[in-house]
Amino acid sequence: MTRILVVAPSLYSAFYLRRAVTENLCSDDGGGLFNVEFTRIEEVADTIFDAVSGQTDQPSMTRLIASELIHNAIAELVTPGPLSNHRNNDSTLEAVQNTLRELELLDVGAETALVRLARGSRQGLYPQLLELQRRYAAPASNYLTRESKAALAAAAVAKDPSAATAIFGPHLIVLRTPSAPDAYTRLWDALEQLDAAIPARIDPETTSVDQSPDHRTETNFYSTLSAADEPRALIRNIVADARAGVRLGEMAVFYPTVDYASRVKDALDAAKIKNCGPSTKTLAETPSGKFVALFLTMLANDMRRDAFTSWTTSAPVIDPSDGSRVSAVEWEIVSRNSNIVRFDADTDWQRSLRRYANRMSNRAQRPDNDTDDEKSVDPETFRNAANAATQLRWFVAELASRIDIDQSRPWTEWVDWMEAIITDYHSPQKVSDDSERIGLTRVAAELSQLRELDQITNDDVGFDRFNRTVQRLLRARTGGSSGWGSAVLVAPLSAGIGTAFKSVHVLGMSEGGLPGPSRSDPLLSDDLRRELDPDGHWLTTRRDKLELQHREFNLALGCATTRRMYWNKALLGATNESYPSPWFVDEVLKTSNETNVPVKDLMDPGSDWVDSVTPLSDIGTTGVEAFSDYEFGLQNVATRSNDESDLRELLADPGNRPILLGRRTLASSNSSVFGPYDGNVDLDSNGSPTSLRLSASALQGYATCPYRYFIANELHVDARIDPDESLELSSLDKGILVHSILERFFEEFRPEDADDGLRRLRDAAHGVFEHFLRDEYVGYPPIFELEKVRLLNQLEEWHRDYMKVMSGYDGTVMPEVPFGYETDDLGHVQIADGGTLRLRGKIDLIAVSSAGDHAQVLDFKSGSTGSYSDIEQDVTASGTKLQLPIYALIARQILGTETEISAAYWFVFERGNKRLRPEHKVTMEQAQEKFTPVLETIVRGIRAGNFPARPGNRDSWGDGPPWKNCKYCDYSDACHSDRLILWDRKKSSPPLSRYLTLAEGEAE
Ligand code: SF4
């Protein structure tokens, strides 16, 4: 059986036409044996070239080598002109390469064409391009190019047609489509001239449309109101076609731009519709590509912190010290808070990170000394921040030792270095995902290619050059997805030429989308193109390109009998509704047999010609048929909500569990019952804790908002430490400084030295300032100098009062008394319901009289008295201020019952009467009277798992949520947006009655 060889215009065409022929012969003509082979023009050129040239040891020209030769030519350019200032610009390189390639198509060749354009001048664009062509052509002749193979093959066919016939056989079908002239145009021409050839042109201008009943076309038009509705409309039509018996492999979706493609593919994947076609991703978008691209970008930006963060957060970066993925987000926070701008060669950043780690460790040891009681942070958060800063310092120091980008070196050495970085910091052996492995292999192969460049030049190259070349290589697309013939083809419009489908969908038909905007070529204007090529055989103008695209569009439509076109009225960034593309309107006219349809009729939602797609938001309330799982789910719940048993049956399906949970959460929110979705956690099932160890701030946290306590203390979610943007010393730092100074001052305090107190205070302050500046401060030293002066003045003013406060307490002075740790036996409390509680913390000062009969417990505060006004009536302030009662209790455990104990907050920076709060001293007994029931309520609430969110009173002052408790809450983003409504709805439920009485003084 003699073979029939069909030369098809593209890979798509070869595949889909072969399928169409097979189906036609098998199903329509009853089957039988046939010998039809499809090939592409590139393969034809290779076959002829191999036949006439035999084996050649000439290396092949690659994209990389060609651009390297152009780069070298531009680097050596001496002719003055506009290109001189753009030598290092990648788009200039690419434009020059394309222009020389286009000019090479002319019969006279590129050099002669450029001589003409230069018009005898010795400077300017065309003399420069002429010099580049000459510099490029000589080294390029050592390589075998696509163009030279195609030219040689075309010449061989023209010279000896019988030899070509012998190669391809007597039956050759040359299937040609409209396309821009390229290296193969002459070969197509030569093949068409062969006696054995049957030339067939697929051209909408010349092909008559088959309107037999089997081939009658049906065209539909759709408009959508959002970018998300366009793929939805597409999916609905694909599902409808599939229901009508069209297989997925017989459908094609064509898009105008690559960005469009990713959206469509994502939507089809989400709807579990198998699809195939060219990749929409570049290598730089794969995990390994990101690793390399962002790493090099970071080095090119002198290790700027933002580039470092971009690398560690976007790419899988491994810490070689333990093989784990780096803590990118924590590192970003600690490096911002350490005021690091870049991790460069000097060691400032190391010092800043070390100080920051010290500062965080220091804070972790002083949780209850936090000056801003509204925002207490679990010490673990500070410890984690300190660890993150230390890890980051080690990581960057080790990485920096591997980086030396100031030296030029051969390409091979750069590649070796990059590969070693990938091995150690990307850990290829840990890549288990198939697609990631394929990406890694491609990236490695692209890098490896660079070694060949050492054959072209003996010069070493700098980092900048290496970086730019790698970034260019990573812009290559990854391979397409498989499944041709069984999956929906998703491809650019040009892929539709010479193919055969049953249904075809064309997306993006808004004005400006298809056809897209055309740009003029800055190196070769349309006028010059026509001057060099008056007949327009070889050089295309903008108008030619538009015509060609229109033909592609018509051919894509012509490859199926069912056509669907989509116009999205809401283009991104557009304020008004977008009009349909003129080609969309043309097709409406053709389909409707009208000569004129006003655009406003097409814009009308009730248009006779265009189907307006129902937006997703209306799907539950309209009678529109659902097509995806998600749409079905939504519609089912909406329609079956009226019948409870019907709905229960629907939600019993495990596939509907997310909807079930969502519904339960909503139902729970709407009810007045305090249920599991409102913070009523069943701790019993996990073993309710009978023995708790808590600090004053944790207990106060529960009293303020139980949900906040739950997230921080039960779930152990770290509070967010926001980057410090302020130039001033934070209130937290001020608090720590003041506490450290007073701690040192009182450590050395002797009542008999009272006259020398001011000098001792100053010495203590200077010692602490010096230590802080050296080991912890990460801000700007001049600002710290100002803060120092201000703090010292305030402390000196405090000192004037201190003997008055300390009067009568002339015995033992105990600063910084810890309790509740492994080293002591203090803080045990028996709770009325039988459980025990261990209190934990540190008392700032206990001062005892020389007779030991009375003692004063003091807690220093460096903030204002503003939020402490409530303690005048209730020393616990409804459970939100518990330090004094707790510290008084511990003092009793230390000093015994013989000593009369009183307690007060000492506001260091307040003056006169306001310095001590409560205004009238509170005795141990008075404090305990209030404290005991408060403690029981809190501990019972925790044990019972009652953690409702309580936003507190309205407070619209300043930024943040408009409720007092939420103002400084780190978990606001994780909290319900209707938190106040929910609290009002739940607060009267029985499990919360004790807490409600405590927090708001009421219970129902
Ligand atoms: S945002 Fe408000 S209600 Fe929510 S946890 Fe924080 S303090 Fe409580």
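Seven strands make up an open sheet with parallel pairing, in the order β7-β10-β6-β11-β12-β5-β13. Its edge strands are β7 (275-276) and β13 (611-612), each of which pairs on one side only. Welcome to this predicted model, in which local features need pLDDT of at least 70, side-chain atom pairs count only at pLDDT 80 or more, and totals for chains, interfaces and linings use all residues. Residues are numbered from 1 along each chain as its sequence is written, and side-chain values use heavy atoms, with hydrogens and water left out.

**Strands and their partners**

- Strands here are DSSP runs of E with at least two residues, helices are runs of H or I with at least four, and both are numbered from the N terminus; two strands pair if DSSP finds at least two bridges between them.
- Elsewhere in your tour, look for strand β1 (residues 4-8), which is mostly covered, with four of its five residues buried (under 20% relative accessible area, with a 1.4 Å probe and protein chains only).
- β1 pairs in the parallel sense with strand β2 (residues 36-40) over five bridges, and with strand β3 (residues 171-176) over four bridges.
- V6 is a handy landmark: F38 in β2 stands opposite V6, while I173 is the bridge partner of V6 in β3.

**The cavities**

- On a 1 Å grid over the protein atoms alone, a cavity is a set of points where a 1.4 Å probe fits but cannot get out, and its lining residues have an atom within 4 Å of a point.
- There are six cavities of 30 Å³ or more in the structure.
- The largest cavity holds about 100 Å³ of space, where a volume is the space filled by probe spheres set on the points, and grid points are joined across faces, edges and corners.
- Its lining has 14 residues, with C705, R708, C966, C969 and C975 nearest the centre.
- Helix α28 (residues 706-714) gives the largest share of this lining, three residues.

**The ligand**

- The ligand takes up the largest cavity, meaning that more than half of its atoms lie within 2 Å of the grid points.
- Residues around the ligand (a heavy atom within 4 Å) include Y707, R708, N965 and S972.
- This shell has seven nonpolar, two polar and three charged residues, with Ala, Val, Leu, Ile, Met, Phe, Trp, Tyr, Cys and Pro counted as nonpolar, Asp, Glu, Lys and Arg as charged, and the others, Gly among them, as polar.

Terms used. 1 Å grid on protein atoms, 1.4 Å probe; cavity = no way out; pocket = protein on both sides within 12 Å on 5 of 7 lines; lining within 4 Å. Buried < 20%, exposed > 50% of the residue type's maximum accessible area, 1.4 Å probe, protein only.
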